[in-house]
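Visitor: Hi! Could you walk me through this one while I have it open?
Guide: Happy to, let's take a look together.

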Amino acid sequence: MYILQHLLLSFLAAAAFGIIFNAPKSSLIQSGFVGMLGWMIYILFTMNGADAVNATLIASFVIAVASQVFAKLYRTPIIIFIVAGIIPLVPGGMAYDAMRNFVENDYNIALALAAKAFLISGAIAMGIVFSEVINQLIRKTAITKKSES
Amino acid sequence: MEKNQVVYDIMEVCLLAGKIMLQSGAETYRVEDTMERIARAFGVREAHCFVTPTGIIFSIESTEPTKTKLVRITERTTDLHKVALVNGVSRRITNGELNIEKAFRALTEVEESQLTYSTIIQILAAAIASGCFLIMFNGSWIDFLPACITGGIGFTSVMYFHRVVPIKFFSEFIGSIIIGILSFLFVNMGIGVELDKIIIGSVMPLVPGLLLTNAVRDLMAGHLVSGISKGAEALLTAFAIGSGIAVVLSFL
């Protein structure tokens, strides 16, 4: 039940973000699906005791790969799918907690939380970059194969 | 003389395509790639462009002296539909389906096209997203409606204040202050339960997710100037939201 609820809500949230960013109507379902996929991976990893940073890294990697597949399939810019998928992973809650502790003059906890939020943002970036690198490697090998044959 | 005019027409088409894409929030490398592709499709041997978030410099080398043009970009919004449309037009140009005149007309049509969704639908989407994020961050269903309302109103106020005062930082700051006050009121009246969760959920539609992803992708593609400036913009937005919430929290 818990998982089902998250499935549905993350799909809705990602699709709603597609609307906020004016994504084409035909790509809303796909961007919702990408968001759902990423959030599911994140939730499953954190539920089984993985660190939030690692979970974010894997989730954003999968999001980027799925977006690349969709971008190829539907011949649309990849950014449409990536953005909707990434949004749920953004450490908004942690940044909020950090801010709250700063306001309450609790600098030790605040700095720790801020560092964690920064690491999670870095993990999102790393996940995207990894998938980009792999995509370029695949493309390069495909081109060299074509030119050899 | 005749040939000169053709080169200028090609530049016009390339710059229009680049301008629309940049204003709609495409990545820098996609803008440069599209412009160079269009130029090549029209038979230009060498074209160079330098794209930053605030302007495009584009030059075409030919037998005559090099021609260079500069376009300044002041207003940037997020409209991924236009990015996809320009992408489609450029694909058709490279396939040789459009000549210069037709391409220019197609791009002008794209530029003049209205947003895909009306403002009300966008506000509703922001409201729904806020509610969904509340539950996704382990909030309780009691807070669902308050989060929807604060998220929707927060998004609306950011849009409204941006129209009144075109400084992005200010409108986001005011928007998050309104979100903070509203959530506090909801909790105080007993309609909402967890203040933290409501604020986090309703702030999510303002989060600079697109800027963040674009900044990373630009940096990795080697566009250091645009990558860093987009990262700075994302940081500024995050700072505006954070300080707006902090102002409210410090008065509680």
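Guide: One term before we start: a nonpolar core is a set of buried Ala, Val, Leu, Ile, Met, Phe, Trp, Tyr and Cys residues joined through C-beta atoms within 7 Å. Also, this is a predicted model.

Visitor: Thanks! How many residues are in the largest nonpolar core, and which have the most contacts inside it?
Guide: That core has 125 residues, and those with the most contacts inside it are Ala13(A), Ala16(A), Cys14(B), Ala17(B), Leu107(B) and Ala129(B).

Visitor: Which helix gives the largest share?
Guide: Helix α5 of chain B, residues 119–136, with 11 residues.

Visitor: And where does the core lie relative to the domains of chain B?
Guide: Domain 1 (2–112) and domain 2 (119–250) of chain B both contribute residues, so the core lies between them.

Visitor: What is Ala13(A) in contact with?
Guide: Setting aside neighbours within four places in sequence, Ala13(A) contacts Gly35(A) and Pro88(A) in chain A, plus Ala129(B), Cys132(B), Phe133(B) and Met136(B) in chain B.

Visitor: Switching topic: how many helices and strands does chain A have?
Guide: Six helices and zero strands. Of its 149 residues, 50% count as buried.

Visitor: What span should α3 of chain A have?
Guide: Its 23 residues, 52–74, should span 33 Å at 1.5 Å a residue; the end C-alpha atoms are 32 Å apart, which agrees.

Visitor: Which residues of that helix are buried?
Guide: Among them are Leu57(A), Phe61(A), Ile63(A) and Phe70(A), along with Thr56(A), Ser60(A) and Ser67(A).

Visitor: And what comes just after α3(A)?
Guide: Arg75(A), which takes a positive phi of about 55 degrees.

Technical notes: Residues are numbered from 1 along each chain as its sequence is written. Chains are lettered from A and ligands numbered from 1 in the order in which they are written. This is a predicted model: local features need pLDDT of at least 70, side-chain atom pairs count only at pLDDT 80 or more; totals for chains, interfaces and linings use all residues. Helices (H or I, at least four residues) and strands (E, at least two) are DSSP runs, numbered from the N terminus. A residue is buried if 20 or more other C-beta atoms lie within 10 Å of its own, exposed if 12 or fewer, and partly exposed in between; C-beta atoms are placed from the backbone. The expected span of a helix is 1.5 Å times one less than its number of residues. Domain bounds come from an automatic or database domain assignment. Two residues are in contact if their C-beta atoms, placed from the backbone, lie within 7 Å.
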